[in-house]
Amino acid sequence: MNTLAGKHLVLGLSGGIACYKAAELCRALVKTGATVQVVMTDAAEHFMTAVTMQALSGRVVFTSQWDSREGNNMAHINLSREADAIVVAPASADFMAKLLHGRADELLSLLCLARPRDQVPLIVAPAMNREMWSNPATQRNVAQLKADGIHVLDVGQGEQACGETGDGRMLEAEEILEDLQAFFTPQILLGKAVLVTAGPTYEAIDPVRGITNLSSGKMGFAIARAARQAGADVTLIAGPVSLPTPRGVKRLDVRSARDMHAQVHSQVGQADVFISTAAVADWRPDTQAEQKIKKDGSGKTPKLGFFENPDILASVAQSDRALQGALFCVGFAAESHDLLLHATAKRIRKQVPLLVGNIGPSTFGQDDNALLLVDANGARELPFASKQDLAHDLIADIARRL
Ligand code: C5P
């Protein structure tokens with residue numbers, strides 16, 4: 001579910017070096033299928049040209065309230081009536097102060113003031129120097145803007161264009177995009193805590209070698225992101241993968257199946273839903289050499305024996321809270337053939353209400369997948385789509401079951 005597709009957004013730029021990120025944001029929004037009408041203040045035009053924003057948005061940019069292109073000469077009314085939301089990024093300290101006072105001496109603040117508040121939400125992404133951000137005047141303004149129903153996004157932390165380091169830089173385009181996706185997502189898991197495992201595990205043979213599998217973690221990360229966007233409080237326990245943490249998700253990294261087992265059991269007490277997406281290694285070497293096992297040239301090979309790893313999902317599904325219905329457990333099955341047969345058998349063996357089957361070899365590492373949802377009543381297919389879209393559909397399915 002791409003919540004931005006088909007939406008019409010006014011993207012307002014006020015003055016700040018973060019205007020370069022607004023160019024990326026504009027491009028990313030258009031890519032999702034949203035239409036973007038850019039409006040720039042005078043100050044913004046010192047940092048970015050309207051030509052660039054026109055090229056990226058595919059629409060003529062508005063910079064003046066006296067723009068005679070509008071038949072009625074009321075750009076502020078027309079633009080704000082057409083929009084599904086107004087997003088001001090970057091929102092400078094001065095621009096936020098103007099919003100606070102209801103000032104309207106140029107087009108962007110004018111259309112923010114003129115918008116129908118119950119139909120057109122206003123979202124601002126602050127961008128400024130750390131001293132400006134922490135100044136009591138700005139903090140007062142932020143608190144009052146929130147009280148007035150304006151959605152003020154977080155600021156980023158780190159090195160700033162001025163050379164100082166601290167809070168106040170604008171979020172990256174990708175982060176704002178995730179926040180906007182979440183903003184338009186129905187909050188079907190609001191108030192719920194969701195625990196997700198993702199990725200492979202790694203079972204060490206010695207300090208430099210180990211056994212793992214081809215799971216990329218993409219499906220589990222997409223599920224964590226979808227749950228978060230649906231309003232849940234999400235904890236993601238990840239095996240060794242190189243994926244960015246979805247916005248707003250608490251991530252705990254683990255390596256082996258036993259680490260994952262311990263971490264899951266330390267977190268699951270607070271969860272309402274447990275989604276076990278991880279491809280947990282079934283076995284681990286029965287010994288782990290402290291030092292690298294050396295090839296000695298004799299042709300002798302090391303003998304590997306194995307212990308079975310704990311079954312994390314089965315152990316959680318057997319916990320009191322799961323048995324009493326306070327914790328909803330979802331398993332995954334990565335199969336190579338006979339998906340329905342194996343997924344049905346696995347659901348019964350793991351004793352979970354919902355088991356999600358997929359064809360492992362064709363989906364490992366890919367951005368697309370197809371899922372088969374198996375419960376006590378039968379099976380339902382979620383056909384081939386992006387993992388993110390499938391994750392949203394799966395979360396919607398789970399929310400209906402709670
Ligand atoms: O038995 P199999 O590995 O195919 O089961 C897959 C499901 O069980 C997945 O949901 C996986 O996360 C979970 N699992 C687990 N602990 C294991 C093995 C699998 O939680 N040791």
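1. Tyr-20 lies in helix α1, which covers residues 19–32. The model is a predicted one. Tyr-20 is partly exposed, with a relative accessible area of 45%. Together with Ile-17 and Phe-47, Tyr-20 forms a nonpolar patch on the surface. The accessible area of these three residues together is about 320 Å².

2. The next point is the sheet. Eight strands make up an open sheet with mixed pairing, in the order β12-β11-β8-β13-β16-β17-β18-β19. Its edge strands are β12 (250–253) and β19 (378–386), and each of them pairs on one side only. On average, and with direction ignored, neighbouring strands of the sheet are turned by 20 degrees against each other.

3. A place to look is Phe-274, which stands opposite Cys-329 in β16.

4. Which helices pack on the sheet? One of them is α10 (residues 218–229), which touches β8 (193–198), β11 (233–238), β12, β13, β16 and β18 (368–375). The direction of α10 makes about 170 degrees with that of β11. Helix α11 (residues 257–267) also packs on the sheet, with contacts to β8, β11, β12 and β13. For α11, the angle to the direction of β11 is about 165 degrees.

5. Strand β17 (residues 354–359) runs antiparallel to β18, and three bridges join the two. Gly-357 has Leu-372 in β18 as its bridge partner. β18 also pairs with β19, again in the antiparallel sense, over seven bridges. In this second pair, Leu-373 stands opposite Arg-380 in β19. β18 and β19 form a hairpin, and two residues lie between them.

6. Is β18 enclosed or open to the outside? Six of its eight residues are buried, so β18 is largely enclosed by the rest of the structure. Buried here means under 20% relative accessible area.

7. Now the charged side chains. Side chains of opposite charge can pair when their charged atoms come close. How many salt bridges does the structure hold? The count is 21. One of them joins the side chains of Arg-69 and Asp-67, at 2.3 Å from N to O. Arg-69 is partly exposed, at 42% relative accessible area, whereas Asp-67 counts as buried, at 12%.

8. Asp-154 and Arg-247 form another salt bridge, and their closest N and O atoms are 3.8 Å apart. Asp-154 lies in the loop between β5 (151–152) and β6 (156–159), while Arg-247 lies in the loop between β11 and β12, so this pair ties together parts that are 93 residues apart in sequence.

9. Arg-169 and Glu-172 also form a salt bridge, with 2.7 Å between the closest N and O atoms. Both ends count as partly exposed: Arg-169 has 25% relative accessibility, and Glu-172 has 30%.

10. Finally, a network of salt bridges links Asp-375, Arg-380, Asp-397, Arg-400 and Arg-401.

Terms used
Residues are numbered from 1 along each chain as its sequence is written. This is a predicted model: local features need pLDDT of at least 70, side-chain atom pairs count only at pLDDT 80 or more; totals for chains, interfaces and linings use all residues. Side-chain values use heavy atoms; hydrogens and water are left out. Two strands pair if DSSP finds at least two bridges between them. Helices (H or I, at least four residues) and strands (E, at least two) are DSSP runs, numbered from the N terminus. Axes are lines fitted to C-alpha atoms, for helices over the stretch in contact, and angles run from 0 to 180 degrees between N-to-C directions. Contact means heavy atoms within 4.5 Å. Patches are made of residues with over 30% relative accessible area and no salt bridge: like charges are joined within 9 Å, nonpolar side chains (Val, Leu, Ile, Met, Phe, Trp, Tyr) within 5 Å. Accessible areas come from the Shrake-Rupley method with a 1.4 Å probe; for residues, only the protein chains shown count as cover. A salt bridge is a side-chain nitrogen of Lys or Arg within 4 Å of a carboxyl oxygen of Asp or Glu. Buried means under 20% relative accessible area, exposed over 50%, partly exposed in between (1.4 Å probe, protein chains only).
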